Amino acid sequence: MNSVLAKSSVLAKCALFLCLAFALISLPLKAETLAAPGAYQTLFSQSADTAQLVALSQKLNLGETVRGQFVQSRQLKVLKKPLISQGQFIFDKEQGLIWQQIKPFESLLILKDKQLIQRDSQGRVQVSKADASASAAVMGDLLPSLVRAMLGGDISGLSENFELHFLITDRLSPDGQWQLGLTPKDPLMKKAIANMVLEGSDVLQSLVLLSAAPNVTPQDMTRIDFSALSQGTLSEAELAQYALALEASKP
């Protein structure tokens, strides 16, 4: 575990939300599932310009509410095989983010109003406030902006906290395959997540988290693949999940 995470339990849980600290079952993956770190060197060698970011914002803007499924593959230096989990998520610009893992065991994370609410497989609920420490406050500020950028198309706000890099990976593709690289400007954030890569075409397809510079190998790497993205107002069942955040935060 990274030292900066160990020093702050709240910071660790925020990073856990982005799947840096899940204790998951190990299952085999095809070799091509996780790209080698060096695959992103070209991306991080060039900066993004304003026109590219505006075009990308329009692609990623899925509206007020978006939901979908995810498969997470996490490769650790100390393990021979990746760790796999899967589940579903809901993002609403007003209510926040629900990240629900279904396999290999059930867990629920809600990011709302700088709070991280976690419910484990035994139904136990724990609340962490992002302003509990300076280091956790960094995560509390940056994670919501990252989520809004990924799922809501709010790319412009990222430039305040990240160095942005952009690469069109397949100009011949009718969907226009692209990569957006993010390097945190804040030292605390950078120690927790050195670099991030968003990948997609007409919609967001994946998020890659790198524990070190793109040319460093071996290193810890997490890839989250998104699918079945859809829009629409929140259902009663979905609103009930967000209600857990309100109940959990009561004294």
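In the predicted model, Pro104 lies in the loop that runs between strand S3 (96-103) and strand S4 (107-112). The peptide bond that joins Lys103 and Pro104 is cis, with an omega of about 5°.

A further backbone feature is found at Ala228, which has a positive phi of about 55° although this residue is not a glycine. Ala228 is placed in strand S11, which comprises residues 221-231. Its relative accessibility is 52%, and because the threshold for an exposed residue is over 50%, Ala228 counts as exposed.

Gln41 is found in the loop between helix H2 (9-17) and helix H3 (50-60), and with a relative accessible area of 42% this residue is partly exposed. When the neighbours within four places in sequence are left aside, Gln41 is in contact with Pro214 and Asn215.

For the protein chain as a whole, six helices and eleven strands are assigned. Of its 251 residues, 49% count as buried, and the accessible surface of the protein chain comes to about 12,000 Å², with 52% of this area belonging to carbon and sulfur atoms. Among the contacts in the protein chain that link residues at least 6 apart in sequence, 58% join residues at least 24 apart.

Note on methods
Residues numbered from 1 in each chain as written. Predicted model: local features only at pLDDT ≥ 70, side-chain atom pairs only at ≥ 80, totals over all residues. Heavy atoms only, no water. Helix = DSSP H or I, 4+ residues; strand = E, 2+ residues; numbered from the N terminus. Buried < 20%, exposed > 50% of the residue type's maximum accessible area, 1.4 Å probe, protein only. Contact = heavy atoms within 4.5 Å. Areas by Shrake-Rupley, 256 points an atom, 1.4 Å probe, with all protein chains shown as cover.
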